[in-house]
Amino acid sequence: MSEKRVILQVKGLSKDFQIKGKKLGSKKAVLHALQEIDLDIHEGEVLGVIGESGCGKSTLGRCLVGLHKPTEGEILFEGKSILGVRAKDKLEMCRNIQMIFQDPYSSLDPRHTAADSVSEPMVVHKTVKGRAAMEQRVLELLKQVGLDVQHMNRYPHEFSGGQRQRLNVARAISINPRMIICDEPVSALDVSIQAQVINLLKKLQKEYNLTYVFISHDLSVVKYVSDRIVIMYLGRIVEICNGGDIYKNPLHPYTQALLSAIPPECPDEEKERIVLQGEVPSPIGERKGCPLAGRCPQCMERCKNEMPRLKQQGEEGHQVACFLYEKK
Amino acid sequence: MAKSLGLDQQSHEEILKKERKSNSAWSKLKRNKTALLGLFAVSVMVALAILAPVITNGKPNEIHPIDAYLKFFEKGHLLGTDEFGRDLFTRICYGARVSLLVAVGATAVGGVTGVILGLIAGYMGGIVDAVLMRIMDGVLAFPFILLSIVLMTVLGSGIINVILAIGIAEIPRFARVVRGQVLIVKKEEYCNAGRVIGISHFRMLAHHILPNTVSEVIVYGTLNIASAIISEAALSFLGLGIELPTASWGSILRSGRNCLNTAPHIAAVSGTFILITVIGFNLLGDGIRDVLDPKMKK
């Protein structure tokens with residue numbers, strides 16, 4: 001494969017949230033949702049992001065579309081920073097990166113019809129002029145995502161979850177973005193509907209050469225759609241690998257444990273389960289050392305005091321943040 | 001190909017037209033029986049006010065001391081006469097002009113200003129919210145009627161000033177109702193979805209936040225129409241509202257109170273008209289709220 005063009009570059013991205021104490025006069029605490037994320041996203045790829053609840057997957061996605069303002073770091077879209085741009089340029093940026101939200105039930109305005117919701121991005125960005133042309137374009141989009149003319153004047157509550165997510169997809173692609181952040185787009189749907197929506201997303205990706213950042217906690221979904229996979233734990237990236245490698249050759253102890261938690265596909269299959277001891281540490285407050293240090297079965301003295309960096313390991317494009325592989 | 005596309009086009013447009021028709025606000029309101037009843041009651045009152053010179057003798061202030069305290073239908077007086085022998089029906093019709101104007105006007109003044117302030121405070125948050133809401137709290141700290149009295153003494157009497165006084169006193173209540181709702185709505189995911197698209201603050205407020213707060217405003221607004229009629233009566237009662245002898249429902253009710261034992265019909269008639277109007281506005285308001293809410297289909 002030829003050298004891939006980097007479309008979005010994330011440099012040293014951190015996001016802290018201030019948490020107010022519950023009691024009167026108690027100190028404010030800092031929650032580190034994301035810490036020093038470095039990531040290159042290539043044009044036309046599907047980048048899967050997985051990790052358990054609260055590891056910062058969604059925060060990462062929301063930082064990329066500008067819903068959260070990062071505490072530190074840079075996000076470059078085709079070399080241009082998307083942070084702190086002026087209002088006019090911001091609209092241009094919005095056009096490039098769109099987002100599909102996790103919850104199809106709350107991400108559509110209950111008082112807007114399907115046609116209103118789908119046409120809104122085009123109205124804001126003034127890509128389509130005239131009522132007839134707009135109607136035509138909305139219909140075109142609805143058909144593309146498997147809906148039809150009779151759905152145009154319906155309200156969100158009249159749709160099923162899958163249909164609503166299709167509407168969200170239509171909304172996202174309506175202004176021809178280069179990149180779509182999918183924040184757990186199927187986790188609120190039935191399994192059968194999940195497959196439909198995922199296949200729709202894949203079809204659209206091929207058609208428009210879209211770049212996806214596909215956030216999910218479902219390993220099988222991520223494996224199915226992704227070209228590359230990012231594994232996150234407690235606000236940090238612990239491993240980046242190519243889609244297939246994660247099953248063949250997981251390197252980070254956390255990834256190994258995560259994979260061992262997938263139920264076996266066949267009941268007769270014997271599977272060794274790696275169970276991490278203890279709870280996920282709280283992301284509140286300062287910590288030194290590897291985030292997994294307290295739970296890792298192969299923890300060393302060094303892990304407790306020093307933060308491992310993402311380093312190239314083995315095959316092309318396989319990066320891991322673990323001291324186990326640094327000595328060699 | 002082109003032909004079949006053309007055919008498709010037509011059937012599409014037919015389907016859409018049909019749906020649009022059945023979804024239009026008026027056709028939805030027509031299906032809502034209680035709302036129609038409310039609309040009817042309000043329309044009758046408005047008609048009485050507008051047609052007052054035509055359907056009455058046109059002299060609401062004409063005094064006939066001999067004919068004082070006449071009962072219903074006596075001497076050709078449909079609703080009897082008051083303590084000065086003035087025809088009650090005439091006074092009610094002319095009073096409707098004042099009372100309806102004050103009720104709707106004051107609610108509009110308070111509602112529009114309050115909604116705008118509430119939207120700004122809730123949406124902007126932070127220091128703007130704090131400052132605006134503390135001012136509102138300050139206004140709220142005065143009893144409603146006291147505040148109106150102060151405003152009336154400052155502004156002087158007259159119908160416009162009554163509208164302003166009652167309207168201004170209502171602003172904080174509207175602002176509070178709206179602000180609370182905005183705080184909920186602005187955190188909804190569909191607002192985030194709008195931000196991702198890059199919509200302007202104005203569009204966010206006008207297209208997403210306001211429509212989703214409007215049902216609370218309507219409910220509060222219709223309740224407020226009733227209280228505005230009563231407030232006008234109270235102000236007139238204290239001699240700060242509409243100057244006598246101009247009729248308003250409130251002033252008729254007040255004069256009827258003085259002779260409740262001898263001529264109860266004076267208070268009863270004006271009270272009934274206030275009651276019907278209030279119920280009418282409430283039913284209509286509920287209906288409009290349902291019409292605007294896409295989830296209420298029938």
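Guide: Among contacts (heavy atoms within 4.5 Å) in chain A between residues at least 6 apart in sequence, 66% join residues at least 24 apart. This is a predicted model: local features need pLDDT of at least 70, side-chain atom pairs count only at pLDDT 80 or more, and totals for chains, interfaces and linings use all residues. Residues are numbered from 1 along each chain as its sequence is written, chains are lettered from A and ligands numbered from 1 in the order written, and side-chain values use heavy atoms, without hydrogens and water.

Chain A holds ten helices and twelve strands. These are DSSP runs, numbered from the N terminus: helices are H or I, at least four residues, and strands are E, at least two. Of the 328 residues in chain A, 51% are buried. Buried means under 20% relative accessible area, with a 1.4 Å probe and protein chains only.

Now the close look: helix H5 of chain A, residues 161–173. From first C-alpha to last, its 13 residues reach 19 Å. That is close to the 18 Å expected at 1.5 Å a residue, taken as 1.5 Å times one less than the number of residues.

Twelve of the 13 residues of H5(A) are buried, so this helix is largely enclosed by the rest of the structure. Among them are Gly161(A), Arg164(A), Leu167(A), Val169(A) and Ile173(A). What covers the buried residues includes strands E6 (97–100) and E7 (179–183) of chain A. Helices H3 (114–125), H4 (131–144) and H6 (191–208) of chain A are also included. So is helix H9 (189–197) of chain B.

Definitions and conventions: Buried means under 20% relative accessible area, exposed over 50%, partly exposed in between (1.4 Å probe, protein chains only).
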